[in-house]
Amino acid sequence: MSERRTGAAEPLGGGVDPVTDPATDPATEAFVAHRNLLFTVAYEMLGSAADAEDVLQETWLLWAGVDLGTVRDRRAYLVRITTRQALKRLRTLGRRKESYVGPWLPEPLLTTPDVAEDVELADSVSTAMLLVLETLAPTERAVFVLREVFDLDYDEIAEAVGKNQAAVRQIAHRARAHVAARRPRETVSPAETRNALQAFQQAVETGNLQRLLDILAPDVVLLTDGGGLKQAALAPVVGAGQVAHVLGRVNPAASLQPAQINGHPALIVRINGDIDTVITVRIDDGLITGLYAVRNPEKLSHMERETTVSR
């Protein structure tokens, strides 16, 4: 890290919030200009909005102490700091997930409609893709995200992850092959997803078991994340019949509301007006092959306002 600037902005304790108080300080201006990008980098590496926000705070504190005269590319430098902080946190998260109660799912984000227009970005933040990224080692995940989503040069990625370029190229090749073997087989249009969700919603609300079975793949998998705080299946529910049986027990007071979650159509389940569950899906060959239901209230705090993701 470069030497500290005198008079650097102090967001904690100094009363300066780099997000809401973009003063004339060049460090603050640069951070605010790239904040949405940095959040997206951290979120795609961690699958947690709360942890991504913490990484941004750490990034700001480090960035505020950098001598800007030594920085050639402020965006690249900020991405480098964010990546390094996210890697540290990712390793800590890995230990936390080992003791997590039941299936762990990424924290859902209520995203702006324009995210869906960037197909690659929407795909990269989808629940299905984030679950695929969970199967990568931390450095593989960082390299894949920086190269495939944000199109960084190999030399920039090498700086961010502390590897040489040759090693980064090998890691990128390995990560691409790993993801390609596990990601959804085809790009599904928002209209197709909406149609599937509408049919799913109608089947659940009317209790039409046959209609539900018609839109579920025979080997569909339902993952429910209650985090030990809400009732949820402690293991994956596999098979159309088993999944339909679970969904048939939905609280009769629940209302299902379409929403844009992680760049894709999804459903928000409310009970007495409060968000109870967020449901996202994976679709292959026109059928729902994955249902992801987040019930852990600690993961639903970002659902009351839209979050901007960008690249």
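Does T40 count as buried or exposed, and at what relative accessibility? At 0% relative accessibility, T40 counts as buried (buried is under 20% relative accessible area, exposed over 50%, partly exposed in between, with a 1.4 Å probe and protein chains only). The model here is predicted, so local features need pLDDT of at least 70 and side-chain atom pairs count only at pLDDT 80 or more, while totals for chains, interfaces and linings use all residues. Residues are numbered from 1 along each chain as its sequence is written, and side-chain values use heavy atoms, with hydrogens and water left out.

T40 is part of helix α1 (helices are DSSP runs of H or I with at least four residues, strands are runs of E with at least two, and both are numbered from the N terminus). Setting aside neighbours within four places in sequence, T40 is in contact with L121, V125, F150, T308, V309 and S310, where contact means heavy atoms within 4.5 Å.

As for W63, not counting residues up to four places away in sequence, W63 touches A27, A30, F31, L68, V71, R74, Y77, L78 and I81.

Then there is α7, where Y154, I157, A158, A160 and V161 are buried. They sit on the same side of α7, because they cover an arc of only 165 degrees around the axis, the arc being that of the directions from the helix axis to the C-beta atoms. The buried residues of α7 pack against α3, α6 and α8. After α7 comes G162, with a positive phi near 75 degrees.

E107 is found in the loop between α3 and α4. Leaving out neighbours within four places in sequence, its contacts include Y43, N262, K299 and H302.
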